[in-house]
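Work through the exercises below with the model open. Try each task before reading its solution.

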Amino acid sequence: MKKSISSILAVCILLSGRLSSYGQSGQGLVHGMVTDSLSHAVLEEATVSLVRLPDGRLAGRRTSGRAGFRFRGLVPGNYRLITTYAGYVPDTLSLTVAPVVGNREDTLAGVWVRIRLQHVSQSLEEVVVKAAIAPATVHGDTILFNAGAFATRPYATVEDLLRKLPGVVVDHDGNVTMQGKKIDKVLIDGKEFFLGDLKVATRNLPAEIVSGIETFDTQSDQSRLMGIKDVATTRTMNIKVRADRKTGYFGKAYAGAGNDDGYSAGGTLTLMSPKGMAMGVFNSNNINNQFSGGETGPVQPGTGRQRFTSGNLLFQGQISKKLMTTFNGTQGGQDMKMTQTSHRQTFFPDSSLVEDRQSRSSSLSSNRDLSAEVKYQVDSSTILICRSGWRADNQSSGNFDTVATRTVRGHSPVGAGYLSNSGITSNSSDGSGYSFNNILEFNHHFHKKGRDLSISLMQSTQSRQLGSGLYSRIGAFDSAGNAGPPTWVHQRSLQQNGAGNYSASLSFSEPLGRHGVFSIGYSANVNSSRSDRQSFDYDSVTGRYDRPDTLTTNRFSSRLVTHRVSAGYNFTAGKFNYVLGTDAEPADMLNSNFTRDSRIHQRYVNWYPRANLSCNLATGKTLILYYAGAAMQPTIDQLQPVPDISNPLFVRIGNPDLHPQFNHNVNAIFNSFNTRTFRNIQAMLSGNFTQEKITGAIHLLPGGVQQQQFVNVNGAYNLLLSLTYGFALPGKSHPGNGSLDLHGQYMHDIGFAGQQQTATNSGGLGGLLKLNYHPTPKCYAEGSADLDYSGAGYNTAGGSSATRIWQQSYNLSLSYELPLNLSLSSSCNLRATAARGTAPSPTVLYWNAAVARKLFHNQAGEVRFSVFDLLNSNSSYAQFTTTYSVETRQANVPGRQLLLSMTYNIQRFASAHGPSSHGPSLFEK
């Protein structure tokens, strides 16, 4: 297989050399000299910017030297050359770039110019200066980046562009954050298009179509309607499309094969017009989603050996002047096989349990998702919105475990103690389900500014059916090593769950004075859920599962009815905005256990106070202080008093006596963004106090079996402090950005272990440094260093225990374009974990590398040879703590993977004034 891959690679590179040789004469050149208009002396250190017309996109920026300046590899067309130098009047020159004949780059080839700058003190009859667009502007919480100021490679994606923007961080999974806030919504020219996975937008839209990236705090539709600003914890990104890229089509197709029958194939196609967009995306691979036309990042792939298939269809259309619709559909599937080892130590007042487990599992799942949104603009002041969503899924799984548990008395070493149980467990399941939801909103603006009305109706339905099988044999031992009778479980179960939710709400706002708005609201909600489970044990006489098991058979339902009344006042004047309000919610909950003929009826009132103060200290600087309280209802799994014995050594059971949990949150946030220096800061101090917290209490049963039941506790709280500082690397052409994130946390948690209350005091400190450097579009480097320390102390009446964990992670990604259309890329991740106690301390270096060559005269094709886990050293290792335990897990991952692939990009646009040079658009008649 290795010889065949090498042979194919050699043939592709040889062939691509012939194909691409036709395009080398299509590269343009601009070079010249900057001098003083009177003395004719050469001006060194002058800044020369080349802007492509008509879109204003920055083609490059140079610092003029004694030998002048030079722009190579330009696409033929019209440009504007802008030259600035301290003490001189800026100069603007329009020029046309034609292809260079052959490879000549002397003074007779391309466009050569001499720029003569005049002193500011000189008397000029007329000076006309057309300055380049600022790279970024700030207005309130909105930051707008001019995409033309951040050069990208041909066929680069929006994600590639985002990585170059200051204050924006893209992690290895493609999640995007801006000043510490996650991007949770993506718009196209202000219209919502991506209702599901936002990475479909950032990884498939080309940077070529983008004129600007706008980010602002996410607000609800009702908040935008009433002008009452929410305290946002997330941000929205609006992608502004260039005027000459609003009509056309673009996409790519790729396919690759490698060793161990590895493969990846897929593609995307997008059609655009001023009246709408349509996009299709497809991907299938069996290498853990590590490749989709390019490597996805340096961090380790998911555990197990996984095969994915997914398809997305997205559509947005302006049906008429008043009607707009958006539709997203997804079909996906996953097949995974995994082996895993785990080590868990659970602390009790006078002892601890140390569990070692080995498991083999497989799972097969598929899902189908549909979501749609229809907006009807009745008139200039009234809009009707309907949103619908539907999801169906199927899954089957099997798992086989071997486990051994030791009991350790007091604070003896973990290797001491005695074997308390050992055994095997086999689980299988096969289930399917669906969910359906609808939301209808009516929003109306009255003639008086600030007077608004909003009415909404909501419905959701869920249903799920699950069949499962369980076989286990557990042997118990006493402290002397004597074996007791083994415990057998051999049964099959059928469980049917359902839920329905219906609500109606009304909100009205009325202006009070010049700067205030008063709002009131009412909503009614009915939430019903049920769970029916029937279990049958195996009868060795009949050879059938026909013996009812009363312990795990149960019929349970829960019904919650709430009425919520809200009132609030919003005041905005100058730089200040504050909001005061509260919600009162009487609730009536009825839990019915039909199997045991018991009912629990609870009535209570939830309060949701809120207050926030926002101040614009200066341009790009804001300070926000806010408090919010919220109740959280227990789920049906937490309420249903039926034991889950799928893990016979760790049994879970619900509690119908649970009360709602109430959280108090206090936050202080400072944001700063300087558009001139790109220096940005976010500081946040957050506190959370929880009343009636729902937690799992652990009880130790005979034979080393642990039983977890959900209970309410008081006294849990946590504090969080974070500081993020972003900065631009020095240079006149924005060569890179950096960020430093410092964070600390302290948490006090309450639980129960062995009938006694436990207190866990845990904390952590850490820092993350990230740098990216891109001096030219052909070179990109990104690196990060992450260091975290966490510790936890477990206090009970019988003593205390502690764990401490150090974790380090270092990432480095490099890519560079060489002559002859070759490019190299490499990414590596070094992870080191040092821990005290029973856990190992592994160090893992995961390294990916690739070599690629562009094909054809327009570089639309690419042949690529990728190597994942070059050192064949990857291992999936995770360590974490809970209220009363510390656990480590390690699972199998794919080894070294080779992949030879081919990618082809297509695009054609019609400009704002007519068809582009690439040919007519699909949308033209």
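**Exercise 1. Phe868**

Task: decide whether Phe868 is buried or exposed, and find what touches Phe868.

Solution. Start with accessibility. Phe868 has a relative accessible area of 1%, so it counts as buried. Buried means under 20% relative accessible area, exposed means over 50%, and partly exposed lies in between (1.4 Å probe, protein chains only). Phe868 sits in strand β45, residues 861-868. Helices (H or I, at least four residues) and strands (E, at least two) are DSSP runs numbered from the N terminus. Now list the contacts, meaning heavy atoms within 4.5 Å. Leaving out residues up to four places away in sequence, the partners of Phe868 include Ile287, Phe291, Tyr846, Trp847 and Leu899. Finally, compare sequence and space. Ser827 is 41 residues from Phe868 in sequence, and their C-alpha atoms are 9.5 Å apart.

A note on the model: it is predicted, with local features needing pLDDT of at least 70 and side-chain atom pairs counting only at pLDDT 80 or more, while totals for chains, interfaces and linings use all residues. Residues are numbered from 1 along each chain as its sequence is written, and side-chain values use heavy atoms, without hydrogens and water.

**Exercise 2. The chain as a whole**

Task: state how many helices and strands the protein chain has, and what part of its residues is buried.

Solution. Count the elements: five helices and 49 strands. Then take burial. Of the 925 residues, 46% are buried. Last, sort the contacts. Among those between residues at least 6 apart in sequence, 65% join residues at least 24 apart.

**Exercise 3. Nonpolar cores**

Task: find which residues touch the most other members of the largest nonpolar core.

Solution. A nonpolar core is a set of buried Ala, Val, Leu, Ile, Met, Phe, Trp, Tyr and Cys residues joined through side-chain atoms within 4.5 Å. The largest one has 41 residues, and Phe145, Leu162, Phe194, Leu205, Ile213 and Ile239 touch the most other members. Look at Ile239. Among its contacts, not counting residues up to four places away in sequence, are Val158, Val186, Leu205 and Ile213. A second, separate core has 17 residues, including Leu50, Phe71, Tyr79 and Val113.

**Exercise 4. Aromatic pairs**

Task: describe the ring geometry of Phe69 with Phe71, then of Tyr254 with Phe291.

Solution. The structure holds 16 aromatic pairs. Rings of Phe, Tyr and Trp (its six-membered ring) pair if their centres lie within 6.5 Å; planes under 30 degrees apart are stacked, over 60 edge-to-face, and the rest tilted. Phe69 and Phe71 are edge-to-face, 6.0 Å centre to centre, with 65 degrees between the planes. Phe69 is buried at 4% relative accessible area, and Phe71 is buried at 1%. Tyr254 and Phe291 are also edge-to-face, at 6.0 Å and 80 degrees. Tyr254 is in strand β16 (residues 247-258) and Phe291 in the loop between β18 (276-285) and β19 (305-318), so this pair ties together parts 37 residues apart in sequence. Elsewhere, ring pairs link Phe145, Phe150, Phe673 and Phe678 into a cluster.

**Exercise 5. Salt bridges**

Solution. A salt bridge is a side-chain nitrogen of Lys or Arg within 4 Å of a carboxyl oxygen of Asp or Glu. The count comes to 32. In the bridge between Arg245 and Glu208, the closest N and O atoms are 2.7 Å apart. Arg245 is buried at 12% relative accessible area, whereas Glu208 is partly exposed at 21%. Arg564 and Asp583 meet at 3.0 Å, N to O.
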